[in-house]
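Have a look at the structure first, and then we can go through the details together.

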Amino acid sequence: MAIEIEAAPSVQLSRVADSETHGENLAYFAGWKAYDEDPYNEASNPSGVIQMGLAENQVSFDLLEECLEKHSEASTWGKGAPGFRENALFQDYHGLLTFRKAIVSFMEEIRCGGAKFDPERVVLTAGATAANELLTFILADPGDALLVPTPYYPGFDRDLRWRTGVKIVPIVCDSSNNFQITTEALEAAYELAESMNIRVRGVLITNPSNPLGVTISRSVLEDILDFATRKNIHLVSDEIYSGSVFSSSEFVSVAEVLEAREYRASERVHIVYSLSKDLGLPGFRVGTIYSYNDKVVTTARRMSSFTLISSQTQHLLACMLSDKKFAKNYIEINRTRLRKRYERIIDGLRSAGIECLKGNAGLFCWMNLSPLLEKPTRESELDLWRTMLQEVKLNISPGSSCHCSEPGWFRVCFANMSEHTLEVALERIHKYMEQRRT
Amino acid sequence: MRLIVPLQGIVQGRGGLILGSLIPCALFYFLQFHLKRRCSPSRPADLPRSASRSPLSTRGSLAPARLSDRAESIARPNESPYYVGLDRVSQDPFDEVENPGGIIQLGLSENRLCLDLIEEWLSENLTGAMIGHGGDKGHSGIGGITEYQPSDGLMELKVAMAGFMSKVLGRGASFDPSRIVLTAGATPAVEILCFCLADPGNAFIVPTPYYPGFDRDMTWRTGVELIPVHCRSADNFIPSIAALDQAFNQARKRGQRVRGILISNPSNPVGNLLPRETLHNLLDFAQEKNIHIISDEIFAGSIHGNEEFVSLAEILDAGEFDKNRVHILYGLSKDLSLAGFRVGVIYSYNDNVLAAAKKLTRFSSVSVPTQRLLISLLSDTSFIERYLETNRKRIREMYDLFVGGLKELGFKYVESSGGLYCWVDMSGLIRSYNEKGELQLWDKLLNVAKVNATPGSACHSIEPGWFRCCFTTLSRDNIRIVIERIRKVAEMCKPSR
């Protein structure tokens, strides 16, 4: 007898699982897919897509390798592996003290001693992605909002909103003043949130900015801090690119502003840092939250159980970064190399007739292609982006993915490739611009 | 200033101060005045702010911005004896040489018996293992381990992990590397699954007693609730379908949607293995109610007894049940003692869950140097086989020693085949047969015997007096010390009954 098999009602997933808030259908991510399918390789695929949409730092690997070779105990726990056992079992969410001290020392070196950090205020997370999400969980409830200046890193839409249920309200910045954050823009964003009955819990800035590649000036930082104090909200400063400022004197951390104010109103300030950009180690998953608020430190530490850094990795990096000579040397050389790359790409673009925002930091430049747009619209920008991807074979990030209010701007990464590849990319742009002129 | 006017009003009336109706007002105002001067800076930020700052406002800045409700509840110190005990041990840890009077840790299910084997392996194998032999893009040197990688883990590690899991969860169950999602430990693995399977306000049914960490891991940020379903010693702590059914129906009556059931097998804290028939019944139950079933099998490599371990994977391989609702949790913290390296596994038969879980791993990825090390370690199949066998043997030796001591003390315990701990019945020592009595005993054990064991109430056990005692962090000599210390407390407690 035939047995009827009823199709079982399919078991459902959650709203989080089904939602699109992970944002992975954006152009930003679509470009990556195109690269994955046809990646440029000097030897085997010279006509492939060159990846200029990924802000990775590959210019200083040799320095890291040298350091690892010198500090073999970093990778092997020494001969006979003493210390391996404790390390293997170590899952204390305080993190290894040696590692926290090493991170603090690195952060201080980057700021040229302009600010002091306390290892007891360092909370470790598996990457800055986790740090930003964790802070959002801690500072805001579902339905609340964080104010974020535009243009901003596309990943924030996912990292700050997906599981937290928190909203982003943009602080709109534009080219009229080089995209600097103004008090008017801050107030306007706050009022907009209020008018929608949304409670603002904090401002989240990235300094140096991604995608602009520019540091925030001291006076603007003061204004932002004053604004946050007036509204009694938090200030999160994502300083993930702080070691990638081309000239050390041009970076001012919010930590320095607080120190100058003798730490008044500092309980509302939290800094996010990571080694993914400055040390070029994104695969290691090393992020930190540095908070001046004791409760945030305690809570973040507890919540970091969901995102601890491998004790093996902590051990390895503690060995490397405790070598202060290496750290100082690395930071200097890395800066110089990034600056040279930046100057090369700006030069190359200028001779092709393309201008960029004057930048002083980061792994990318903010390129102005608005003169090339058919119409000053997002659709035109995306058309141009598609042309860049499919014809010129360059993956660059359209400003609309970064919520830029003005169409035509693109973020172009220059540190994730060899010098030769950069030249190939510039040549392609030259050719394209020439074709357009004819 | 507001305060002064009413007081002046009181003072002006001659003899007015004495009038009964004025004194409470004065007292009230005085109290407010007094409290304002003494208030701490942590007042909520939603008090109205006036433009001119009152001289009574607190020193320096205004009250700082508040944290979220989620954070406020986490900020409070955790009073569960599970966590309190762990804290106390870290403040005063036993050490044979340095601190012989310190607290002996029986509350942390860690396995220290076989780390020497891994140390040996490292000394012989490590130089190439970590820096990596290139990987997909043909980078040599550090380039291979530093770049962004898929956040759910390198395929090479998934392949190695699939092989390892088929040995551990065993007996022919096969694992498909593409169904593996790697996470920074089992802690985020279970949380990610909850985010994928349930919405805030939904619930999971969890048979008790269960691992105290689930209360935090599954509910803190997800907004999900846990519905405990009690298992009894009379049933050998095997969940009864009738009880599960009742819990499900009660939840439905109060309008709460149950999304799944979470079991652990081998179970924590009891250490028993769920029989094949029970697993079939649980799968039937999940199917009937159209809910998910999560099986936490993290102790599968720590089976030291003779009972047969059956993984859900093995049952599903046979093909009778709907796979779409089944998810297995695993990790390397227990079986390989690598808790610090943060390696957890979600193994799901549901493609949509896999897709969502993979994306969520960006918040909890395994560090790539660690992945590289593990690819080498797990691929060394002869080492792994030797390790698993030796591990089982050594756990068994400690188990035998420990229960030998328990027998001397006259304690009953669950004869278990799995896990790093023993579920011991100390109810004979408690004064009042309830949670309070149990906690009093726990306190004596901690502060007098200087032994930290996990009381059953922290695990939601319905029968008072049970304690989970982990014995794999001890050396053979330590066990003797533990038994003697407990004996002292046992003797203290007996005359009072």
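Is Asp69(B) buried or exposed? Asp69(B) is exposed, because its relative accessible area is 51%; the classes used are buried for under 20% relative accessible area, exposed for over 50% and partly exposed in between, with a 1.4 Å probe and protein chains only.

## Ground rules

This is a predicted model, in which local features need pLDDT of at least 70 and side-chain atom pairs count only at pLDDT 80 or more, while totals for chains, interfaces and linings use all residues. Residues are numbered from 1 along each chain as its sequence is written, chains are lettered from A and ligands numbered from 1 in the order in which they are written, and side-chain values use heavy atoms, leaving out hydrogens and water.

## Chain A as a whole

Chain A contains 16 helices and 13 strands (DSSP runs numbered from the N terminus, with H or I of at least four residues for helices and E of at least two for strands). Its C-alpha trace spans about 80 × 65 × 55 Å along the principal axes. For 438 residues, a compact globule would have a radius of gyration near 22 Å, and the 23 Å of chain A agrees with that; the radius is taken over C-alpha atoms, and the globule rule is 2.2 Å times the number of residues to the power 0.38.

Of these 438 residues, 64% count as buried. Take the contacts (heavy atoms within 4.5 Å) between residues at least 6 apart in sequence: 75% of them join residues at least 24 apart.

## Salt bridges

Searching the whole structure gives 46 salt bridges over all chains, each being a side-chain nitrogen of Lys or Arg within 4 Å of a carboxyl oxygen of Asp or Glu. One of them pairs Asp69(B) with Arg66(B) at 3.7 Å, N to O. Arg66(B) is partly exposed, with a relative accessible area of 30%. In another, Asp322(B) meets Arg325(B) at 3.0 Å, N to O, and here Arg325(B) is buried, at 1% relative accessible area.

Glu408(B) and Arg480(B) also form a salt bridge, with their closest N and O atoms 2.9 Å apart. Glu408(B) sits in helix 15 (residues 381-409) of chain B and Arg480(B) in helix 17 (residues 476-493) of chain B, so the pair ties together parts that are 72 residues apart in sequence. Glu408(B) is partly exposed, with a relative accessible area of 44%, and Arg480(B) is partly exposed at 39%. Elsewhere, shared partners link Glu133(A), Arg163(A), Glu191(B) and Arg221(B) into one network of salt bridges.
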